[in-house]
Amino acid sequence: MGPTGTLQVVRRVITAPTVGPFIALVVTMAFFSLKTDRFFHAENFSLVLQQVMIVGVLAIGQTLVILTAGIDLSVGTVMALGQVIMTKLAVANGVPALPALLLGILVCVGFGVLHGGLVTGVRLPPFIITLGTLNIAFALTHIISNDLTFTGLPKLELFWGRTFNISGTDFTYGVVLMLVLYALAWYGLNQTAWGRHVYATGDNREAARLTGINTDRVLLSVYTLAGLSYGIAAWLLIGRTQVGDPNAGQTTENLDSITAVVLGGTSLFGGRGTIIGTLIGALIVGVFRNGLTLIGVSVIYQYLVTGVLVILAVSVDQFLHRRSG
Amino acid sequence: MSAPEPILEARGLVKKYGQVVALNGADFELYPGEILAIIGDNGAGKSTLIKALSGALQPDEGEISLGGERIHFRSPRDAQRAGIETVYQDLAVAPALDIASNVFLGRETRRRGPLGSLLRLLDKRGMRREARRQFEELGIGVQSIGEAVGNLSGGQRQGVAVARAAAWARRLVIMDEPTAALGVKETGQVLDLIRRVRERGLPVILISHDMPHVFELADRIHIMRLGRRVAVVTPKTHTMPEAVAIMTGATPSELDNALTKERSAE
């Protein structure tokens, strides 16, 4: 029955969910390497990683949400709010760095709990909920910051922007943290019962409920953890920009996090996808932005390309979904 | 059958959805070791009855007892804890997960020691071994227990769902149209599987539209019409056309006769 052993191994490798995104990443990198000789350098890769770390961490939360067939449009503005709270408390209110950071993270987690509560309790579509909180977080960011930029930040808040040296190339601690968070997310999704329940809930909420899974608790945990990832991303953002900026995180981050997830092969219909795919997807987005900048394409065209990219990726997802029924 | 105690019994179940009466005083008995088929036209109340018995919904009136004890299921989880497993016609499995994960979905076992209690690490090997044993016992052939269920054929998927139910059911298994989405050959495999579940001593409630299958498998046939049980027949005492006639109301059942008498007496 079916193909022979070797063929099966080949089939499994080709159909492994991260292979497609990986090939796309390699092709993208090859393209920019040919276009400009400034691309293929260790320092440039270090720069790409630094640029990717914010979107990369946001995309972890986004992946969890999308795996449950939801979507979170508020990631960027919730992160911006967390960042403004962290920096304002420390600079303007004289709160020590650690409680200021924890409070900022707590607010982001609070948004996650709110999303989860509305999704499970009131059964509203995540799209509408997070479109609402996108605006709420945006407004709160500007109200709380009074549109001021906060500088002169305590060391602890800037920690993730600090660098260490590996054979002549500087890497930030933030990049290490991002990789650690990916490892944790991988562990949770692949090695624990919770991960299976996330997949099952996203695949078919009613079926999961009928098999005895507490789907409301799963969804609440997913949105709460997503909120936590936005809070951590806020801290990373401070490390990257070295200031508390009310205008940060409000343009590209939302779409980029979704693009990373979708390019990474996670289905918007829920229940299918991998966290490693998302990391590759985030790298694709980072390489694209970096490469386009290097070959002199203006920022506005980068928006255009990202927009096209995400629609293409979603089209592929839709096509695969229809084929597999 | 020498009149043993029913393992699952329901009396006078009523369920209303606004103006619509889905169950109108339905009775039900399931005896140990039997396959009981439930037949009825669309809207006769089959699904509602099954949902009430499996905890997916709560009846407005009436009582259900399991092994002689009154029970109130508030969720499918309650029914599962009481030893009742249900196989649904289509939404049985999570396609992205492998076979073993599906069999253990919602009941995952963790590693022994701190790996399991602190790190919550799954005992993947143990679950695979157990799932494989379960499949061998039921005679279900699959290439690999680690295969994603989404890559299986419809019959194999339903096999996974049946194996899952058989693995966990301590009292009985409910199957709601388990062959509705399957081809001829696959249907045969699932029917064999249902027999094997009964051979293990688990009684089975089988909801089906397919009369030949019902007559081939069932020990007794519970016929629903207009939200009630109108008759219980057996393949030995009734033919297929007779059963269909009762189901559609073409042949008045005992209940119909009784109702007519009531009315003429008024």
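Guide: In this predicted model, a helix is a DSSP run of H or I with at least four residues, and a strand is a run of E with at least two. By that count, the secondary structure of chain A comes to 13 helices and two strands.

Visitor: What makes the radius of gyration of chain A agree with that of a compact globule?

Guide: The rule for a globule is 2.2 Å times the number of residues to the power 0.38. For 325 residues this gives a value near 20 Å, and chain A has 20 Å, so the two agree. Along its principal axes, the C-alpha trace of chain A spans about 70 × 55 × 35 Å.

Visitor: Why are α2(A) and α12(A) called roughly parallel?

Guide: The axes of α2 (residues 19-35) and α12 (residues 275-294) of chain A cross at roughly 15 degrees and come within 9 Å. Angles under 35 degrees count as roughly parallel, and α2(A) and α12(A) therefore receive that description. The crossing in which α2(A) passes α12(A) is left-handed.

Visitor: Which residues make the contact of α2(A) with α12(A)?

Guide: From α2(A) the contributors are P21(A), F22(A), A24(A), L25(A), T28(A), M29(A) and F32(A). Those from α12(A) include I280(A), L283(A), I284(A), V287(A) and F288(A), with G277(A), G281(A) and G291(A) also among them. Gly counts as polar. By class, the contact has twelve nonpolar, four polar and no charged residues.

Visitor: How do you know that chain A is in contact with chain B?

Guide: The criterion is C-beta atoms, placed from the backbone, within 7 Å. On that basis, 19 residues of chain A are in contact with 20 residues of chain B. On the chain A side, α8 (193-203) and α9 (205-210) each supply at least two residues, and the largest share, five residues, comes from α8(A). The residues on this side divide into six nonpolar, eight polar and five charged.

Visitor: What makes β6 and β10 of chain B edge strands?

Guide: Six strands of chain B form an open sheet of mixed pairing, in the order β6-β7-β8-β3-β9-β10. β6 (84-87) and β10 (228-233) each have a single partner strand, so one side of each is left without a neighbour in the sheet. Neighbouring strands here are turned by 20 degrees against each other on average, direction ignored.

Visitor: How do you know that β3 and β8 of chain B pair?

Guide: Pairing requires at least two bridges found by DSSP. β3 (residues 35-40) and β8 (residues 204-207) of chain B have four, in the parallel sense; A37(B) has L206(B) as its bridge partner in β8(B). Helix α7 (residues 184-199) of chain B packs on the sheet, touching β3, β7 and β8, and its direction makes about 155 degrees with that of β8(B). Helix α9 (residues 240-248) of chain B also packs on the sheet, touching β3, β9 and β10, at about 30 degrees to β9(B).

Visitor: Why do β2 and β5 of chain B stand at the edges?

Guide: The order of this open, antiparallel sheet of four strands is β2-β1-β4-β5. β2 (20-30) and β5 (69-71) of chain B each have a single partner strand, so one side of each lacks a neighbour in the sheet. On average, neighbouring strands are turned by 30 degrees against each other, direction ignored.

Visitor: How many bridges join β1 of chain B to β2(B)?

Guide: Eight bridges join β1 (residues 8-17) of chain B to β2(B), and the two strands run antiparallel. At least two bridges would be enough for pairing. The bridge partner of L13(B) in β2(B) is A26(B). Helix α1 (residues 46-54) of chain B lies across β1, β2 and β4, running at about 120 degrees to β1(B).

Key:
Residues numbered from 1 in each chain as written. Chains lettered and ligands numbered in written order. Predicted model: local features only at pLDDT ≥ 70, side-chain atom pairs only at ≥ 80, totals over all residues. Contact = placed C-beta atoms within 7 Å. Axes fitted to C-alpha atoms, helices over the stretch in contact; angles between N-to-C directions. Parallel < 35°, antiparallel > 145°, perpendicular 65-115°, else oblique. Left-handed = near helix turned anticlockwise from the far one by under 90°.
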